[in-house]
Amino acid sequence: MRPDGTKVKNLTPVMQALPYVMPKRFDAQNWANDYVDEELVRAYIRKKRREGRTVTHMSLLVAAYYKAALENPKVNYFVMNRKIYKRNHFCFSFVILKTRADGTPDETSLKVFLQPEDDIFTISRKIHAEIEKNENAAHNNSTDRFVNVAFAIPGLARFVFWLAYHLDQHGLLPRKIIDLSPFHTSLFITNLASINTRFIFHHCYEFGTTSVFVCMGKPVPDPAAPEGSRRKLMPLGVVMDERIATGIEYSRFFAAFERYLKNPEVLESRLDGQAVPAPAGV
(Lines give C-alpha, C1' and ligand atoms only; values in the text may rest on other atoms or scores of the structure.)
Protein backbone atom coordinates (compact mmCIF):
# COMPACT_ATOMS: atom_id res chain seq x y z
CA MET A 1 0.00 0.00 0.00
CA ARG A 2 1.29 3.41 -1.00
CA PRO A 3 1.09 6.39 1.37
CA ASP A 4 -1.08 8.25 -1.16
CA GLY A 5 -3.35 5.51 -2.43
CA THR A 6 -4.69 1.98 -2.36
CA LYS A 7 -4.40 -0.55 -5.17
CA VAL A 8 -7.74 -1.05 -6.92
CA LYS A 9 -9.03 -4.60 -7.00
CA ASN A 10 -11.76 -6.31 -9.04
CA LEU A 11 -10.95 -4.39 -12.21
CA THR A 12 -12.30 -5.61 -15.53
CA PRO A 13 -9.80 -7.54 -17.67
CA VAL A 14 -9.53 -4.62 -20.09
CA MET A 15 -8.73 -2.11 -17.31
CA GLN A 16 -6.16 -4.48 -15.83
CA ALA A 17 -4.50 -4.87 -19.23
CA LEU A 18 -4.30 -1.18 -20.18
CA PRO A 19 -1.26 -0.31 -17.97
CA TYR A 20 0.60 -3.19 -19.67
CA VAL A 21 -0.47 -2.20 -23.17
CA MET A 22 0.41 1.45 -22.39
CA PRO A 23 3.00 1.33 -19.59
CA LYS A 24 3.93 5.02 -19.83
CA ARG A 25 1.66 7.94 -19.06
CA PHE A 26 2.55 9.61 -22.35
CA ASP A 27 1.39 6.42 -24.15
CA ALA A 28 -2.05 6.79 -22.60
CA GLN A 29 -2.72 10.51 -23.03
CA ASN A 30 -5.97 11.62 -24.63
CA TRP A 31 -6.58 15.23 -25.60
CA ALA A 32 -9.86 17.13 -25.55
CA ASN A 33 -10.83 20.78 -25.65
CA ASP A 34 -13.87 22.48 -24.21
CA TYR A 35 -15.18 26.01 -23.76
CA VAL A 36 -16.44 27.89 -20.73
CA ASP A 37 -18.98 30.71 -21.04
CA GLU A 38 -16.73 33.65 -20.16
CA GLU A 39 -19.62 36.09 -19.85
CA LEU A 40 -21.41 33.86 -17.35
CA VAL A 41 -18.24 33.38 -15.31
CA ARG A 42 -17.41 37.08 -15.24
CA ALA A 43 -20.96 37.97 -14.26
CA TYR A 44 -20.82 35.48 -11.38
CA ILE A 45 -17.41 36.79 -10.22
CA ARG A 46 -18.70 40.39 -10.29
CA LYS A 47 -21.83 39.40 -8.37
CA LYS A 48 -19.78 37.73 -5.63
CA ARG A 49 -17.44 40.74 -5.48
CA ARG A 50 -20.42 43.02 -4.84
CA GLU A 51 -21.34 40.69 -1.98
CA GLY A 52 -17.84 41.10 -0.56
CA ARG A 53 -16.64 37.63 -1.60
CA THR A 54 -13.67 36.80 -3.78
CA VAL A 55 -13.96 34.18 -6.51
CA THR A 56 -11.55 33.68 -9.41
CA HIS A 57 -11.63 31.75 -12.66
CA MET A 58 -9.31 29.16 -11.16
CA SER A 59 -11.27 28.67 -7.95
CA LEU A 60 -14.46 28.27 -9.98
CA LEU A 61 -12.92 25.66 -12.28
CA VAL A 62 -11.33 23.76 -9.40
CA ALA A 63 -14.58 23.75 -7.39
CA ALA A 64 -16.57 22.46 -10.38
CA TYR A 65 -13.89 19.85 -11.10
CA TYR A 66 -13.73 18.64 -7.51
CA LYS A 67 -17.51 18.38 -7.14
CA ALA A 68 -17.67 16.36 -10.37
CA ALA A 69 -14.77 14.20 -9.15
CA LEU A 70 -16.53 13.46 -5.86
CA GLU A 71 -19.41 12.09 -7.91
CA ASN A 72 -17.12 10.30 -10.39
CA PRO A 73 -14.18 9.18 -8.21
CA LYS A 74 -12.30 7.25 -10.90
CA VAL A 75 -10.88 10.50 -12.30
CA ASN A 76 -8.92 10.66 -9.03
CA TYR A 77 -7.25 7.31 -9.70
CA PHE A 78 -3.66 7.05 -10.91
CA VAL A 79 -1.35 4.48 -12.46
CA MET A 80 2.02 3.55 -10.99
CA ASN A 81 4.23 0.66 -12.06
CA ARG A 82 1.39 -0.87 -14.16
CA LYS A 83 -1.02 -0.86 -11.23
CA ILE A 84 -4.11 1.32 -10.79
CA TYR A 85 -4.52 3.09 -7.44
CA LYS A 86 -7.35 4.97 -5.76
CA ARG A 87 -5.96 8.18 -4.33
CA ASN A 88 -6.76 8.68 -0.64
CA HIS A 89 -7.06 12.47 -0.92
CA PHE A 90 -7.71 15.21 -3.47
CA CYS A 91 -5.27 17.97 -4.29
CA PHE A 92 -4.40 20.18 -7.23
CA SER A 93 -1.17 21.81 -8.35
CA PHE A 94 -0.59 25.06 -10.20
CA VAL A 95 2.21 27.47 -11.05
CA ILE A 96 2.55 31.13 -10.10
CA LEU A 97 4.89 33.77 -11.45
CA LYS A 98 7.23 35.65 -9.18
CA THR A 99 9.75 38.37 -9.92
CA ARG A 100 13.34 38.07 -8.79
CA ALA A 101 15.23 40.94 -7.21
CA ASP A 102 16.86 41.68 -10.58
CA GLY A 103 13.46 41.95 -12.28
CA THR A 104 13.57 38.65 -14.15
CA PRO A 105 10.47 36.43 -13.98
CA ASP A 106 10.50 33.25 -11.94
CA GLU A 107 8.04 30.42 -11.36
CA THR A 108 7.15 28.21 -8.44
CA SER A 109 4.73 25.30 -8.17
CA LEU A 110 2.10 25.17 -5.43
CA LYS A 111 -0.20 22.42 -4.24
CA VAL A 112 -3.50 22.76 -2.38
CA PHE A 113 -5.33 19.94 -0.59
CA LEU A 114 -9.12 19.95 -0.57
CA GLN A 115 -11.73 18.30 1.65
CA PRO A 116 -15.30 17.16 0.79
CA GLU A 117 -16.70 19.88 3.06
CA ASP A 118 -15.03 22.62 1.01
CA ASP A 119 -17.03 25.00 -1.17
CA ILE A 120 -16.02 27.56 -3.77
CA PHE A 121 -15.34 30.18 -1.10
CA THR A 122 -13.06 28.02 1.05
CA ILE A 123 -11.24 26.93 -2.12
CA SER A 124 -10.76 30.57 -3.09
CA ARG A 125 -9.34 31.33 0.34
CA LYS A 126 -6.97 28.33 0.20
CA ILE A 127 -5.65 29.38 -3.21
CA HIS A 128 -5.22 33.00 -2.10
CA ALA A 129 -3.45 32.00 1.11
CA GLU A 130 -1.04 29.73 -0.76
CA ILE A 131 -0.27 32.39 -3.37
CA GLU A 132 0.17 35.10 -0.74
CA LYS A 133 2.58 32.89 1.18
CA ASN A 134 4.70 32.20 -1.90
CA GLU A 135 4.56 35.31 -4.05
CA ASN A 136 7.38 37.01 -2.14
CA ALA A 137 10.45 36.87 -4.41
CA ALA A 138 12.68 36.10 -1.42
CA HIS A 139 10.49 33.23 -0.23
CA ASN A 140 11.11 29.65 -1.31
CA ASN A 141 8.53 27.02 -0.47
CA SER A 142 9.38 23.46 0.54
CA THR A 143 9.46 22.28 -3.07
CA ASP A 144 11.86 25.06 -4.08
CA ARG A 145 14.13 24.35 -1.14
CA PHE A 146 14.20 20.63 -1.91
CA VAL A 147 15.19 21.29 -5.53
CA ASN A 148 17.82 23.85 -4.50
CA VAL A 149 19.43 21.33 -2.17
CA ALA A 150 19.36 18.65 -4.89
CA PHE A 151 21.20 20.92 -7.32
CA ALA A 152 23.63 22.32 -4.75
CA ILE A 153 26.14 19.50 -5.32
CA PRO A 154 27.20 18.47 -8.85
CA GLY A 155 25.70 15.10 -9.76
CA LEU A 156 23.43 14.97 -6.71
CA ALA A 157 20.27 16.00 -8.57
CA ARG A 158 20.53 13.09 -11.01
CA PHE A 159 20.86 10.61 -8.16
CA VAL A 160 18.10 12.22 -6.06
CA PHE A 161 15.54 12.16 -8.86
CA TRP A 162 16.57 8.67 -9.99
CA LEU A 163 16.13 7.44 -6.42
CA ALA A 164 12.79 9.24 -5.98
CA TYR A 165 11.48 7.80 -9.26
CA HIS A 166 12.37 4.22 -8.36
CA LEU A 167 11.15 4.50 -4.77
CA ASP A 168 7.87 5.84 -6.14
CA GLN A 169 7.59 2.92 -8.56
CA HIS A 170 7.60 0.52 -5.62
CA GLY A 171 5.44 2.57 -3.24
CA LEU A 172 8.39 3.47 -1.00
CA LEU A 173 8.56 7.21 -1.58
CA PRO A 174 7.91 8.90 1.81
CA ARG A 175 4.61 10.73 2.26
CA LYS A 176 6.51 13.92 3.09
CA ILE A 177 8.11 13.92 -0.38
CA ILE A 178 4.81 13.08 -2.06
CA ASP A 179 3.08 15.94 -0.24
CA LEU A 180 5.59 18.54 -1.43
CA SER A 181 5.84 17.21 -4.99
CA PRO A 182 3.55 19.13 -7.39
CA PHE A 183 3.73 16.15 -9.76
CA HIS A 184 1.91 13.87 -7.29
CA THR A 185 -1.50 15.43 -7.70
CA SER A 186 -5.12 14.74 -8.61
CA LEU A 187 -5.15 17.64 -11.06
CA PHE A 188 -2.57 20.00 -12.51
CA ILE A 189 -4.10 23.25 -13.73
CA THR A 190 -2.53 26.22 -15.45
CA ASN A 191 -4.03 29.59 -16.32
CA LEU A 192 -2.40 30.86 -19.52
CA ALA A 193 -5.16 33.45 -19.80
CA SER A 194 -3.42 35.28 -16.95
CA ILE A 195 -0.47 35.94 -19.28
CA ASN A 196 -2.71 36.57 -22.31
CA THR A 197 -1.72 33.31 -24.00
CA ARG A 198 -3.74 30.79 -25.98
CA PHE A 199 -4.51 27.43 -24.41
CA ILE A 200 -2.31 24.41 -25.03
CA PHE A 201 -2.59 20.67 -24.46
CA HIS A 202 -0.09 20.19 -21.65
CA HIS A 203 1.32 16.70 -21.17
CA CYS A 204 0.80 14.74 -17.96
CA TYR A 205 4.17 14.19 -16.30
CA GLU A 206 5.67 10.70 -16.29
CA PHE A 207 7.25 11.47 -12.92
CA GLY A 208 4.61 11.47 -10.21
CA THR A 209 0.92 10.62 -10.43
CA THR A 210 -0.75 13.41 -12.43
CA SER A 211 -3.64 11.87 -14.36
CA VAL A 212 -5.37 15.01 -15.66
CA PHE A 213 -3.96 18.37 -16.79
CA VAL A 214 -6.27 21.31 -17.53
CA CYS A 215 -5.06 24.46 -19.27
CA MET A 216 -7.10 27.67 -19.31
CA GLY A 217 -6.45 29.88 -22.34
CA LYS A 218 -7.22 33.51 -23.08
CA PRO A 219 -10.88 34.08 -24.04
CA VAL A 220 -11.84 33.94 -27.70
CA PRO A 221 -14.92 35.24 -29.58
CA ASP A 222 -17.92 32.94 -29.46
CA PRO A 223 -18.45 31.77 -33.07
CA ALA A 224 -22.14 31.12 -32.34
CA ALA A 225 -22.79 34.63 -31.00
CA PRO A 226 -24.97 37.03 -33.02
CA GLU A 227 -23.15 39.32 -35.44
CA GLY A 228 -21.74 42.33 -33.63
CA SER A 229 -21.77 40.57 -30.26
CA ARG A 230 -18.62 40.61 -28.16
CA ARG A 231 -19.55 37.44 -26.33
CA LYS A 232 -16.49 35.33 -25.49
CA LEU A 233 -15.61 31.80 -24.43
CA MET A 234 -12.66 30.59 -22.40
CA PRO A 235 -11.05 27.56 -24.08
CA LEU A 236 -9.80 24.65 -22.00
CA GLY A 237 -7.17 22.18 -23.12
CA VAL A 238 -7.57 18.88 -21.26
CA VAL A 239 -5.10 15.99 -21.27
CA MET A 240 -6.09 12.83 -19.41
CA ASP A 241 -4.72 9.37 -18.70
CA GLU A 242 -7.16 6.98 -20.37
CA ARG A 243 -6.07 4.05 -18.20
CA ILE A 244 -7.84 5.23 -15.04
CA ALA A 245 -11.41 5.33 -16.35
CA THR A 246 -13.50 4.15 -19.27
CA GLY A 247 -14.85 6.46 -21.94
CA ILE A 248 -18.36 6.45 -20.47
CA GLU A 249 -16.97 7.26 -17.01
CA TYR A 250 -14.99 10.21 -18.37
CA SER A 251 -18.09 11.30 -20.31
CA ARG A 252 -20.19 11.36 -17.15
CA PHE A 253 -17.49 13.25 -15.28
CA PHE A 254 -17.15 15.99 -17.92
CA ALA A 255 -20.93 16.30 -18.24
CA ALA A 256 -21.08 17.04 -14.50
CA PHE A 257 -18.06 19.38 -14.74
CA GLU A 258 -19.72 21.43 -17.49
CA ARG A 259 -23.05 21.45 -15.63
CA TYR A 260 -21.48 22.99 -12.52
CA LEU A 261 -19.56 25.58 -14.55
CA LYS A 262 -22.88 26.69 -16.05
CA ASN A 263 -24.55 26.86 -12.63
CA PRO A 264 -21.83 28.05 -10.20
CA GLU A 265 -24.30 28.78 -7.40
CA VAL A 266 -24.40 25.05 -6.59
CA LEU A 267 -20.71 25.31 -5.67
CA GLU A 268 -21.48 27.62 -2.75
CA SER A 269 -22.43 24.76 -0.43
CA ARG A 270 -20.46 21.67 0.59
CA LEU A 271 -19.19 20.03 -2.57
CA ASP A 272 -19.98 16.54 -1.30
CA GLY A 273 -23.65 17.51 -1.11
CA GLN A 274 -23.90 16.80 2.61
CA ALA A 275 -25.98 19.14 4.74
CA VAL A 276 -24.14 21.29 7.25
CA PRO A 277 -24.80 19.83 10.74
CA ALA A 278 -27.01 21.99 12.91
CA PRO A 279 -25.38 23.44 16.05
CA ALA A 280 -25.79 21.34 19.20
CA GLY A 281 -29.03 21.99 21.03
CA VAL A 282 -30.88 23.29 17.99
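Predicted model: local features only at pLDDT ≥ 70, side-chain atom pairs only at ≥ 80, totals over all residues.
Residues are numbered from 1 along each chain as its sequence is written, and side-chain values use heavy atoms, with hydrogens and water left out.

**The open sheet**

Strands here are DSSP runs of E with at least two residues, numbered from the N terminus, and two strands pair if DSSP finds at least two bridges between them. An open sheet is formed by 3 strands in the order β1-β4-β3, with antiparallel pairing. β1 (5-7) and β3 (77-80) stand at the edges; each has a single partner strand, so one side of each is left without a neighbour in the sheet. From one strand to the next the twist averages 40° (axes are lines fitted to C-alpha atoms, and angles run from 0 to 180 degrees between N-to-C directions).

Strand β8 (residues 212-216) is mostly covered, with 5 of its 5 residues buried; buried means under 20% relative accessible area, computed with a 1.4 Å probe on protein chains only. V212, V214 and M216 cover one side, and F213 and C215 lie on the other. β8 is joined to β7 and also to β10, as listed below with the β3-β4 pair.

| Strand pair | Bridges | Direction | Opposite residues |
|---|---|---|---|
| β7 (residues 187-191) and β8 | 4 bridges | parallel | N191 and M216 |

**R2**

R2 is found in the segment before β1. Its relative accessibility is 3%, so R2 counts as buried. The side chains of R2 and D4 are joined by a polar contact of 2.8 Å (a pair of N or O atoms within 3.5 Å; within protein, one must be able to donate a hydrogen and the other to accept it, and residues adjacent in sequence count only if both atoms are side-chain atoms). Apart from neighbours within four places in sequence, R2 is in contact (heavy atoms within 4.5 Å) with F78, M80, Y85, D168, G171, I178, H184 and T209.

**Cysteines**

The structure holds 0 disulfides, a disulfide being a pair of cysteine sulfur atoms within 2.5 Å. C91 counts as buried because its relative accessibility is 0%. C204, at 3% relative accessibility, also counts as buried.

Notes: Buried < 20%, exposed > 50% of the residue type's maximum accessible area, 1.4 Å probe, protein only.
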